[in-house]
Amino acid sequence: MNFRRLAVRSLPVALLVLARTACFAQAAPPGPTGSLVDLVNSGEFAYNTLERLSAYANQASYNALTANPNGPLFCNAQTQTGPSATCPAATFLVFQNLRSLVQTANALLGNGGPTRYSLNINDQAVGFALRWTAAEELSAPGSVATGFANAQLAGVAQRIDALRFGASGFTVNGFQMNSGESLLAWSRSPALGGGASADDIGIASRWGGFLNSSFGWGERAPSVLEDAFAFDSRDATVGIDYRFSRRFVLGLMGGYSDQRVDFDSSQSVVGGGIRSIGWSLQLYGLYEFDAGPYLNFSVGGQRTNYHTNRLITYPSFNPDVPAVDATATGQTTSTAILSNLNAGWPLNVAGFTAEPFVGLQYQGIRLDGFHETSVNNVTNAFVTAGSPAGFDFDYAEQHINTFEGSVGVRFQYAFRPPFGVIVPYAKAEFHHRFDSGLTQVNSSYNGIASSGAGFDLPSDRPNSYYFQYAGGASVVLKHGIQAFVQYQSSAHVAFTTSHLISGGIRGEF
C-alpha cells in the first residue's frame, strides 16, 4: 500500500473535518450542562434563539439547586417531594417547575435520566414552555418609555412651530397678526420684517398658553427575541411661555400619558399586558435670527409607573404533574432625561414656505428593578387558585440610552380667508441612531435569586435609521387664537408600525 499517496489524498478530508469541528466548537454556546441544554443543542429538534437562551437559564437554575448538597439552597433531585430546611417553600415551587422541564427533556432524549415528573409533551410544546418561562415581555416597558418620550418631544415641537407661525398674536408665515387690528385689516396686512422688535409688532401680551391632546396606536410584529403586541396611548400636554423679545421665547410644558400594551397570543407564545401612567416636565426655548434661521431646544424629564401582567401556561399529559396556568404581576417605575436641539431656515415665497431643518435628540431612560408575584389561576388536585406558583421573577434595573440625529424638510402654504389664516403643512424627517440601541432583560426566579442563576435576554437590535412623516393644518383667528390637527407616522422602525393623531388650541392671555 502506498501510504504516502493515501496520506496526501486524506489530507483535504482531514482538514475539512478539522475545520467543521472548529466551527461547531466555536459556535457552541457556553453555559450549563444538562438535559435541557442537550435537547436544544441536539439538532434533532428546531429551537430558536429565545428558546435556547431559556433552556440555558432554566438548566442553570436547576443545577444551582441540585448540584451542591452543602450549598445554601439544595433540593434533592431524587427524593425531594416537599419543602425542607435547604429547599424552603418558595424555592421548592421553583424546583418543581424546573424538574418537570428537565425530566421532559430526559424523556425526549431517551438518555436514561429520570422521567417520573416529565410533562409528557412533544418537542414543540417544550419550546413553547421555554418561551412561557422566559419573561421576554419585560423588554416592552422600554418601548413604552421611549414612546412617551417621543410624544412629549413632539408636543414641544408643535408648540415651537406655533410660536414661529402664529400663536400668541405674533406672525404666521410672515403675515402680521397684531391683536389691536380689525380682523379684515389683519388678514390683509403686509409681511412682517424679520428684524422687528417686540414693540414694533405691537404685542398685546407676552404670555401665551396651550393645551394639546393626542391619541396614538400601533402594533409590534413578533420576532425571535420579542413578542407581538398592540398598543395605544392617550397623551395630554399643557404649557405656558413668555416672549422676552421678538426673537426669544422661553416656556415650560407639563405632560401626562396613559398607555396600554396588550400582548398578542395569536402571533406569539405570550399573554398578558402592561399598563402605564406617566408625567413629564420640560423647559423649552426658541431664538429666531434676523435673516430667518432659528434655534430651539428642550430639556426635561419624565416619570412613568408600570403595572405588568404576564401569563404562564403550558400543558401536562402526566397525571402526576399538573398543567401550568399561572399569572405573574409586578409594578415598577422608570425615570428619563430628555433633550432636544433643532435648527432650521424657513424660505418664504409669497404664502409658501419651504423649511429645511436638522436636529439632535437624546433620551436616557432607567427602568427600576422589581419583584413579581405569581399565583395559580385554577384549582385542581395539586394546587389552589390564588396560591403561589413559583414563576415570579426578580428583575434587574434596565438602562435605555438613545442618541439620534435628524434632517428633514417642512412645506406649508398660508391661505387668508375672511375669518383668519389657514396653514396646511407636511413634513418628512430622516433619523439616524448613533448608538446600538440594544437593551437586555436580566432576571431570575424570586425563589432562587440568591443562587446567582438567571436569565439574560437581549432585545432586538433596532434599525440604525428610520423615517417620520407628518401632515396637518393650523387655523389662526383674531386675537392670536390658534388651533391645529396633525397626523404622524413612521417607517422602517424595526417590527413596529405606529400612528399618532394630535390636536390642540393655543392663545395669549
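## Cavities

On a 1 Å grid laid over the protein atoms alone, a cavity is a set of points where a 1.4 Å probe fits but cannot get out, and its lining residues are those with an atom within 4 Å of a point. Grid points are joined across faces, edges and corners, and a volume is the space filled by probe spheres set on the points. The model is a predicted one, in which local features need pLDDT of at least 70 and side-chain atom pairs count only at pLDDT 80 or more, while totals for chains, interfaces and linings use all residues. Residues are numbered from 1 along each chain as its sequence is written, and side-chain values use heavy atoms, with hydrogens and water left out.

When Ala, Val, Leu, Ile, Met, Phe, Trp, Tyr, Cys and Pro count as nonpolar, Asp, Glu, Lys and Arg as charged, and the others, Gly among them, as polar, the lining of the largest cavity divides into 14 nonpolar, 25 polar and seven charged residues.

The second largest cavity holds about 490 Å³ and is lined by 30 residues, of which Ala157, Asn340, Asn342, Lys427 and Glu429 lie nearest its centre. H6 gives the most to the lining of this second largest cavity, with eight residues, and the elements that each supply at least two residues include strand E7 (294–314), strand E8 (324–344), strand E15 (421–433) and strand E19 (482–491). By class, the lining of the second largest cavity has eleven nonpolar, 13 polar and six charged residues.

## Overall build and cores

The secondary structure comes to seven helices and 20 strands. Buried means under 20% relative accessible area, exposed over 50% and partly exposed in between, with a 1.4 Å probe and protein chains only; on that basis 49% of the 509 residues count as buried. Contact means heavy atoms within 4.5 Å, and among contacts between residues at least 6 apart in sequence, 67% join residues at least 24 apart.

A nonpolar core is a set of buried Ala, Val, Leu, Ile, Met, Phe, Trp, Tyr and Cys residues joined through side-chain atoms within 4.5 Å. The largest such core has 51 residues, of which Leu36, Ile312, Tyr314, Phe391, Tyr395 and Tyr445 touch the most other members. Helix H4 (residues 89–109) gives the most to this core, with seven residues. A second, separate core of 16 residues includes Phe229, Val270, Ala336 and Leu338. Leaving aside neighbours within four places in sequence, Ile312 is in contact with Trp132, Val324, Asp325, Ala326, Ala328 and Phe391.

Asn122 caps the N-terminal end of H5, a side-chain oxygen lying 3.3 Å from the backbone nitrogen of Gln124. In the loop between H4 and H5 is Asn120, which has a positive phi of about 55 degrees although it is not a glycine. Most residues other than glycine have a negative phi. Asn120 counts as partly exposed because its relative accessibility is 42%.

## Selected residues in the strands and their loops

Gln259, in strand E5 (residues 248–263), counts as buried because its relative accessibility is 9%. A polar contact is a pair of N or O atoms within 3.5 Å, where within protein one must be able to donate a hydrogen and the other to accept it, and residues adjacent in sequence count only if both atoms are side-chain atoms; the side chain of Gln259 makes one with the side chain of Ser257 (3.3 Å). Not counting residues up to four places away in sequence, Gln259 touches Val144, Gly147, Phe148, Asp232, Ser233, Ile274, Arg275 and Ser276.

Val421 is found in strand E15 and, at 1% relative accessibility, counts as buried. The C-alpha atoms of Val421 and Val476 are separated by 5.1 Å, although the two residues are 55 residues apart along the chain. His492, in the loop between E19 and strand E20 (496–508), has a positive phi near 65 degrees and counts as partly exposed at 38% relative accessibility.

Notes
1 Å grid on protein atoms, 1.4 Å probe; cavity = no way out; pocket = protein on both sides within 12 Å on 5 of 7 lines; lining within 4 Å. Helix = DSSP H or I, 4+ residues; strand = E, 2+ residues; numbered from the N terminus.
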